[in-house]
Amino acid sequence: MPTTSYWHRDNREHEVIVIGAGIAGLSASRELQRRGINHVVLERGVIGCGASTRNAGYLMRGAADNYAAACREFGRDTAKALWRWSENNLQALREAGIESLRSYQARPSCLLAVDDGEARELEESRTLLQEDGFEVGWHTEGADAAWTSGMARVGLVNPNDAVCNPAELIRWIAGPVFEHVRQGVEVESVDLKSSKVSIQTNAGEYRCERLLVCTNAFTESLLPEFRDRITPRRGQMLALDAPEVSLDCAYYINHGHEYIREAGDGVIALGGCRGLFADQEVGEDDTTTDNVQGALEDFAERLLGRRYPVLCRWAGTMGFSPTALPMICRIPSLEGHAWFCGGFTGHGMSLAHTTATAAVAQMLDESSCLFSRVS
Ligand SMILES: Cc1cc2nc3c(=O)[nH]c(=O)nc-3n(C[C@H](O)[C@H](O)[C@H](O)COP(=O)(O)OP(=O)(O)OC[C@H]3O[C@@H](n4cnc5c(N)ncnc54)[C@H](O)[C@@H]3O)c2cc1C
């Protein structure tokens with residue numbers, strides 16, 4: 001039986017405990033640290049081992065689909081607030097120093113229409129965005145590899161977006177709060193005992209006054225009551241060795257179903273094609289599949305004009321919310337002692353930092369924001 005050294009003994013009682021050390025849990029930890037709150041973050045694997053280091057690294061304005069679609073789905077005021085929220089997310093990261101990362105690049109994102117229907121929606125989006133005071137660019141042609149195949153019709157540009165290597169971002173965001181994170185601690189159950197939250201883990205019991213659950217796609221296994229609230233969906237990507245391909249923007253194509261960008265050092269990162277196999281791309285299993293990987297390679301060939309060698313293939317699990325909006329809510333079974341923050345619906349790098357900061361404010365100050373739900 002392995003023993004635990006005196007130096008590894010951990011304080012088991014804290015004012016706040018966060019579960020999950022992805023971008024959301026680590027951002028919450030930074031806000032808790034700023035407020036001087038005694039807390040730990042419990043992570044079953046290693047820092048960032050969930051979706052937060054498996055994504056495409058777009059720090060992008062907006063949400064899953066274009067602005068016109070969002071105005072129809074959420075109402076114009078909510079869509080506008082969501083777009084501002086994502087701008088604020090990047091601004092907050094910039095103020096915290098993200099521009100010092102080696103992999104950070106100010107890089108416009110471009111929603112690229114590949115059929116007439118989407119082209120009309122992007123045109124409508126451009127008008128609505130301008131009316132709502134957003135800066136927006138418009139391309140009808142381009143000189144880079146995304147335009148040479150002739151697939152692209154028009155492109156709507158978010159001029160102030162950025163990209164990064166998400167693994168570097170997570171190391172950076174974890175840096176100042178590393179002392180608070182307990183890696184390899186899997187939470188098995190949470191319960192209320194004598195007005196405190198009792199957290200059973202593979203390393204024994206922890207207790208806290210308030211709990212913030214940032215397990216996103218993996219929440220249902222811990223909290224079955226989240227079965228209908230957060231749906232785990234798999235996203236797959238690959239990296240191509242394509243030194244002669246240049247892409248001026250981080251492209252978001254076919255309503256965001258496919259995305260492609262330069263990843264530095266002659267590598268192109270590409271993801272998506274889950275819509276073609278939507279029934280299979282659900283659940284927490286983050287292995288790759290031949291059909292999605294094959295579709296990604298075909299897509300890259302159509303867009304870039306030839307097949308390039310694949311350097312790496314991977315998958316990650318995203319947490320989708322029922323409304324496609326991020327969620328901050330109380331966890332009803334823990335009666336006012338616990339909150340959930342997640343449901344970024346594929347856009348957590350662009351939304352989670354600000355949302356998790358707001359979740360801490362809601363938990364500690366009872367303040368609410370656009371994404372607060374009653375329960
Ligand atoms: C292929 C792909 C591409 C994407 N591209 C982009 C993009 O370009 N831009 C963008 O904005 N978003 C993108 N996303 C989405 C983004 O990655 C996620 O929204 C974001 O990382 C979610 O962060 P999180 O902290 O909420 O969850 P996660 O990073 O998944 O973190 C949850 C953590 O909880 C831990 N955990 C779970 N259960 C337990 C437990 N019982 N005990 C202890 N710990 C537990 C997990 O190990 C994990 O580390 C993409 C996602 C994928 C998969």
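**A chat about a predicted model**

Guide: Welcome! The protein has nine helices and 20 strands; these are DSSP runs numbered from the N terminus, with helices (H or I) of at least four residues and strands (E) of at least two. This is a predicted model, in which local features need pLDDT of at least 70, side-chain atom pairs count only at pLDDT 80 or more, and totals for chains, interfaces and linings use all residues. Residues are numbered from 1 along each chain as its sequence is written.

Visitor: What radius of gyration does the protein have?

Guide: The protein has 21 Å, which agrees with the value near 21 Å for a compact globule of 375 residues. That radius is taken over C-alpha atoms, and the globule rule is 2.2 Å times the number of residues to the power 0.38.

Visitor: Which domains does the assignment give?

Guide: Domain 1 (12-53 + 168-229 + 323-373) and domain 2 (58-164 + 231-320). These bounds come from an automatic or database domain assignment. The C-alpha centres of the two domains lie 27 Å apart.

Visitor: How many residues does the contact take from each?

Guide: The contact takes 23 residues from domain 1 and 29 residues from domain 2, where contact means C-beta atoms, placed from the backbone, within 7 Å. On the side of domain 1 that touches domain 2, helix 9 gives the most, with five residues.

Visitor: New topic: how many residues are in the largest nonpolar core?

Guide: That core has 116 residues, and Leu212 and Tyr251 have the most contacts inside it. A nonpolar core is a set of buried Ala, Val, Leu, Ile, Met, Phe, Trp, Tyr and Cys residues joined through C-beta atoms within 7 Å. Buried means that 20 or more other C-beta atoms lie within 10 Å of a residue's own, with C-beta atoms placed from the backbone. Helix 9 (residues 348-365) turns up again, giving the most to this core with eight residues.

Visitor: And what does Tyr251 touch?

Guide: Leaving out residues up to four places away in sequence, Tyr251 touches Cys110, Leu112, Ala146, Tyr259, Ile260 and Arg261.

Visitor: Which residues come nearest to the ligand?

Guide: Gly20, Gly22, Gly50, Gly316 and Gly348 come nearest, out of 42 residues around the ligand. A residue counts as near if its C-beta atom, placed from the backbone, lies within 6 Å.

Visitor: Which element gives the largest share of that shell?

Guide: Helix 9, with four residues. The shell draws at least three residues from each of domain 1 and domain 2.

Key
A residue is buried if 20 or more other C-beta atoms lie within 10 Å of its own, exposed if 12 or fewer, and partly exposed in between; C-beta atoms are placed from the backbone. Two residues are in contact if their C-beta atoms, placed from the backbone, lie within 7 Å.
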